[in-house]
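Take a look at the structure below.

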Amino acid sequence: MVAVSPARRALNAVVHRATILFFIAFAIFPFYWMVVTSFKQNADLYVGATDIRHNPFIFNRPPTLDHLRTLFGQTLYPTWLMNTLLVGVAVVGITLLLAVPAGYSLARLTGRWGERLSIAIFLTYLVPSTLLFIPFSRLVSLLGLTNSHWALILIYPTFTVPFCTWLLMGFFKSLPKEIEESAMVDGCSRVGAIGRIVLPLAVPGLLTVVIFALTLVIQEFVYSLTFISSVEKMTVSVGVPVALVRGDVYYWGSLMAACLITSIPIAIVYNFFLDRFIAGFTVGAIK
Amino acid sequence: MSTTTSNPAVAVAAPLSAGDTIRRSDRRLGAIMLAPTLVYIGLLVAVPFMLALFLSLTNSSAGSLEFSFVGLANFRSVMASPVFQRALRNTFVFTLASQVTVMVLGNILARALMKSFFGKSVARFLILMPWAAPISLATLGWLWIFDSTFSVINWLLLVVGWLQPGQWYYWLGDTTLGMIAIITIHVWRMLPFSTVILLAGLTSIPSEVREAAAIDGAGTLARIFQVEIPMMKPILTVAVLFGVVFTFTDMSLVYLLTRGGPYNSTHVLASLAFQDGVLGGDVGRGAAVAIFLVPVLVVLAVVMLRASRRAEVV
């Protein structure tokens, strides 16, 4: 290697540290802002940015729990959380029922045309909700599901199933074939081998799929906005931005608390599974 | 061993990799296991996709299920509308500006995250947070940051003297500032996604390659631009393609921040399709606007399929 002078190395370290700090600040600033807003008294919050002596980054008055109390006591936020969970559980169930057999089939049983098919299935993940919401709105009103959670339960698997099938296919391929083959030599049927040998080994993959389907449901905005109109049926991603804004009444403390409480747990859980999620996108591009 | 298991020794001896013969019973089972997913995707993605194309040729509206065929009239009227032309331009500006920014920043950040340093896992977690948070809620956070009266950004600009007392930025009430806000938030959200993809690409470059380049006397910049970036081409393609799709088809940001305003000047295709087709109830027109998303998606699909075929060959 080329020799680097100590001064140069120190400079590199400083630049590196500064770069990382800059990106961290950019990434977490909105979350910091949510925290500060959630716990500030209104008198501290609504000062107006023209007063340069009033530093908005800090608590100029003691923090308060008023906004949290309002959020849980006087808004439908808890109902929206329950709605989201309800839809989420149903969608996760459907996703597993469809994607697990399909993923296994593509990994083991379909051979060469299965590879082509799996890419086609993955591509359907990229058909955007903003193209499909118009035909879906026809379909939903035709089925009489307007303003019903069933509309979401029917439609959400259109984005969870393709991606989860793809993820599970990769996961099943990574398991050694010999395991189920030796079970079959020992007299197990293929289906028996899947149930008794493969699925228990695939638990980490199944868990990944559950987490992803659930987070995708919580994050979804477009379909929920399109198909749910009554406030008490909304999911959290729509209820908070659409129904919690009460005209001109300033309400930012509770709003930001709602954003914070919903986002942080998802961010934490998601972080553990992100690498697998990204691996799903990069199959083929990295050898 | 029972006689029904047809010669298992052979099945074990010949591993069933892709392209090898797969037993007929397995093939049937495979078809059965795959069928529900294929039927579901067919009914709820392929058919609606066709229906979108079909609706764009009709005058359907939200109130009734009756319609008549109007040919290309929707497309003609949409393309003649200044709001649509504006939205089309905005979509390209939005996609291009945010993707270029994301790629530049993503490469810098991925390189910084390659090194090991104290607190790296915490730093990684914090940097990835914007991608995990639900977009509508994160955008709400930004809406408050860009608030017309209480914007903390304006406060900072006043403190550092960029804005004179009495001067004021109405971030979301102005076309240019609105677009800047929308692009900033989108960069904030997409940066983690692209960075992780690029990081995967960087770590896949063998360290011998870097050392060989250094021994041959390549400087840092030469190494990055002449060795690493060419080697990362497939992964850069992936990052750009998905970034483009997620950006080109997004409507949440515009809908939540500006609702396309002021005077429909910040609409993108997707938010305009929502305004016309869902809020306005003109399903045919909304479908026609949304159809303009298709060419970009087709290009993407073709590039993806080519890339995957190449990966198979190599």
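Beyond the neighbours within four places in sequence, B:A270 is in contact with A:T130, B:T249, B:D250, B:M251 and B:L293. Two residues are in contact if their C-beta atoms, placed from the backbone, lie within 7 Å. B:A270 sits in helix 13 (residues 269-279) of chain B. Helices here are DSSP runs of H or I with at least four residues, strands are E runs of at least two, and both are numbered from the N terminus.

Is B:A270 buried or exposed? B:A270 counts as buried, because 28 C-beta neighbours lie inside 10 Å. The cut-offs are these: buried takes 20 or more other C-beta atoms within 10 Å of a residue's own, exposed takes 12 or fewer, and partly exposed lies in between, with C-beta atoms placed from the backbone. Now find B:I205. From B:A270 it is 65 residues away in sequence and 38 Å away in space, C-alpha to C-alpha.

A word on the model and its labels. This is a predicted model, in which local features need pLDDT of at least 70 and side-chain atom pairs count only at pLDDT 80 or more, while totals for chains, interfaces and linings use all residues. Residues are numbered from 1 along each chain as its sequence is written, and chains are lettered from A and ligands numbered from 1 in the order in which they are written.

How confident is the predictor? Its confidence in each residue is the pLDDT, from 0 to 100. Chain B has a mean pLDDT of 83, and 91% of its residues reach 70 or more. Within chain B, confidence is highest in helix 4 (residues 82-114), at a mean of 92, and lowest in helix 1 (residues 8-13), at 38. Over residues 1-19 of chain B the pLDDT is below 50. For the complex, the predictor gives an ipTM of 0.86 and a pTM of 0.86.

Step back to chain B as a whole. It has 15 helices and 0 strands. Its radius of gyration, taken over C-alpha atoms, is 26 Å.

Chain A has 14 helices and 0 strands. Its radius of gyration is 24 Å, well over the 19 Å that the rule gives for 287 residues, so chain A is also more spread out than a compact globule. In chain A, 45% of the residues count as buried.

Where do the chains meet? In all, 90 residues of chain B are in contact with 87 residues of chain A. Helix 2 (residues 24-55) of chain B gives the largest share of chain B's side, 17 residues. That helix has a kink of about 40 degrees at B:A35, shortly before the proline B:P36. The bend is the angle between axes fitted to the seven residues ending at a residue and the seven starting there.

The largest nonpolar core has 152 residues. Such a core is a set of buried Ala, Val, Leu, Ile, Met, Phe, Trp, Tyr and Cys residues joined through C-beta atoms within 7 Å. Helix 8 (residues 175-203) of chain B gives its largest share, 14 residues. Among the residues with the most contacts inside the core is A:C259. Its partners beyond four places in sequence are A:M34, A:V240, B:L137, B:L140 and B:G141.

Conventions:
Rg over C-alpha atoms; globule rule 2.2 N^0.38 Å. pLDDT = per-residue confidence, 0-100.
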